[in-house]
Amino acid sequence: MSSRIKTDLVEINMGPQHPSTHGVLRLEVTLDGEVVVDAKPDVGYLHRGIEKLAEMRTYIQFIPVTDRLDYLSSMLQNAAYVGAIEKLGGIEVPERAEYIRVIMMELQRIASHLIFYGAMGLDLGATTPFLYGMREREDILDLFEMTCGARLTYNYFRPGGVSRDLPDGFIKKAKAYIKKQRERLPEYDDLLTGNQIFIARTRGIGVISAEEAVNYSMSGPTLRGSGVAYDVRKADPYSVYDKLDWNVATRPEGDTLARYLVRMQEIRESLNIVEQALDLLPPGKLECKTPQRLRLPEGEVYHHIESSRGDLGVYLVSDGSDRPYRLKWRSPSFINLGALGRMARGWKVADLVAILGSFDIVLGEVDR
Amino acid sequence: MSESIEKAIRDGFPDAVLETSEIDGVLNVKLDPNALVGVCELLRTKPELAFDYLADITAIDWLDRIEVVYRMTNLATNAKIVLRVDLDRERPEVDSIVSVWKGAEWQEREVYDLMGVAFRNHPDLRRILLPEDWEGYPLRKDYVIPD
């Protein structure tokens with residue numbers, strides 16, 4: 001009987017104003033009943049042309065613009081850009097500054113993953129995780145604020161170091177935060193990780209194999225959830241990561257739950273990294289030789305780091321002047337999102353929300 | 001490492017390599033654009049090369065030409081390679097490499113959108129960041145920014 005009922009495919013717009021798209025993202029979804037036949041992301045609503053803006057600014061003037069790309073990981077955006085300048089200019093960084101950078105970068109990764117934890121819960125109908133995540137993230141923002149005065153857009157990294165040394169009391173406060181976060185992580189797990197509804201909504205949903213994830217150029221926790229242990233901090237170590245003891249978090253399953261679990265494990269690893277860096281921080285006063293007026297030699301450089309969202313690359317071409325001839329921002333969110341259509345096909349609309357949530361995209365970085 | 005990669009390319013495509021250099025220890029190969037897809041297939045499928053990861057595609061406007069730059073990695077060995085092709089600035093066109101790496105689909109669309117390079121045989125070549133009725137290619141050096 002039912003096979004004689006004719007049903008047409010329905011095309012619907014999800015977004016650009018939709019709470020589950022994490023910003024201004026539009027998905028053109030083709031549905032057969034409740035099943036996703038195709039999902040095409042339409043991006044660019046937040047495009048500001050930052051690569052063109054870079055050509056019109058001096059190297060130093062562009063640092064605050066990087067804060068506005070992945071605005072949940074501004075420290076990491078600073079790091080990628082400044083790292084490229086240092087590599088091309090052969091600028092040395094004092095060891096104390098490198099340790100401070102690692103502390104900031106890993107605190108930033110935790111802060112970003114805490115938002116992911118909360119948003120993932122919200123996407124699936126659980127509101128309390130968001131309050132938990134935001135509560136602990138507040139402690140990290142306090143640490144950032146006492147260091148550089150800002151809570152979101154830090155403008156903290158400089159070629160040759162950072163804009164200022166750690167303030168008095170930072171180390172004590174950071175250690176207190178680490179202790180508190182470790183105590184509270186089991187509560188996070190009680191609330192979401194072990195929750196039967198959450199597991200039912202994520203386990204086995206939106207599976208992508210390692211081979212396919214690599215072929216789609218995916219990176220970050222979204223790739224490591226498919227069992228590929230690719231992390232730029234280990235593959236091409238920068239700063240002082242090679243002096244610290246930590247593990248790359250991976251899960252073999254390739255499903256939505258695996259991508260969630262990788263990030264939860266990364267919070268723990270980052271806490272270990274911050275703790276070690278605080279202990280190994282060389283004492284003394286920070287003295288950075290940041291050039292006031294910076295010209296880079298003619299040539300090009302590609303520098304990449306592991307941001308909260310994956311392989312973040314900066315390709316810089318210099319013609320010898322005081323501003324970039326060409327700057328390319330390889331944003332992991334953008335490239336990961338390219339695989340969404342493939343991963344959502346065949347799943348229900350509600351699963352599409354879960355799968356997109358597990359990508360942890362930031363539209364400021366997708367659209368640039 | 002660089003020598004063996006270069007040799008593998010030259011063995012497979014004797015006339016394709018126009019120039020090579022090393023930047024930050026990474027082999028850069030300037031290719032004849034017509035050989036691009038073949039070389040990419042070789043890089044990905046030949047077991048001793050196995051460049052399974054397309055890290056980045058971008059383009060530079062040098063005023064007299066447009067250069068497209070491809071960056072690949074072998075995730076197991078962390079070997080890297082950069083391929084470069086020079087295109088006619090008046091009519092920049094090159095074959096798409098989506099058939100080799102799916103990750104190229106969005107990256108080529110971005111290069112098309114912002115630099116105006118047409119990728120032949122691309123499955124869905126449309127603007128991606130700018131609206132579909134946008135005029136011009138903003139990352140070209142002679143682009144005039146509208147008021």
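In chain A, the buried residues of helix 6 pack against helix 4 (95-123), helix 5 (128-148), helix 7 (196-202) and helix 11 (256-280). The model is predicted: local features need pLDDT of at least 70 and side-chain atom pairs pLDDT 80 or more, while totals for chains, interfaces and linings use all residues. Residues are numbered from 1 along each chain as its sequence is written, with chains lettered from A and ligands numbered from 1 in the order in which they are written.

**Exercise 1.** List the buried residues of helix 6 of chain A, then locate its kink.

*Solution.* Start with burial (20 or more other C-beta atoms, placed from the backbone, within 10 Å of a residue's own; 12 or fewer is exposed, in between partly exposed). Ala174(A), Gln181(A), Tyr188(A) and Leu192(A) qualify. Next, follow the helix (a DSSP run of H or I, at least four residues; strands are E, at least two; both are numbered from the N terminus). Helix 6 covers residues 170-193, and a kink of about 30 degrees sits at Arg184(A), shortly before Pro186(A). The bend compares axes fitted to the seven residues ending at a residue and the seven starting there.

**Exercise 2.** Work out the strand order of the sheet in chain A and describe strand 10.

*Solution.* Pairing requires at least two DSSP bridges between two strands. The open sheet has three strands in the order 8-9-10, paired antiparallel. Strand 8 (299-307) and strand 10 (326-330) of chain A each have a single partner strand, so they stand at the edges with one side lacking a neighbour in the sheet. From one strand to the next, the twist averages 10 degrees.

Now zoom in: strand 9 (residues 310-318) joins strand 10 of chain A over five bridges. Val314(A) has Trp329(A) as its bridge partner, and Gly313(A) stands opposite Arg330(A).

Finally, check the faces. In a regular strand, side chains alternate between the two faces of the sheet. In strand 10 of chain A, Arg326(A), Lys328(A) and Arg330(A) lie on one side, Leu327(A) and Trp329(A) on the other, and all are buried.

**Exercise 3.** Decide how compact chain B is for its 147 residues.

*Solution.* The C-alpha trace of chain B spans about 50 × 30 × 25 Å along its principal axes. Buried residues make up 41% of the chain.

Notes
Two residues are in contact if their C-beta atoms, placed from the backbone, lie within 7 Å. Axes are lines fitted to C-alpha atoms, for helices over the stretch in contact, and angles run from 0 to 180 degrees between N-to-C directions. The radius of gyration is taken over C-alpha atoms; the globule rule is 2.2 Å times the number of residues to the power 0.38.
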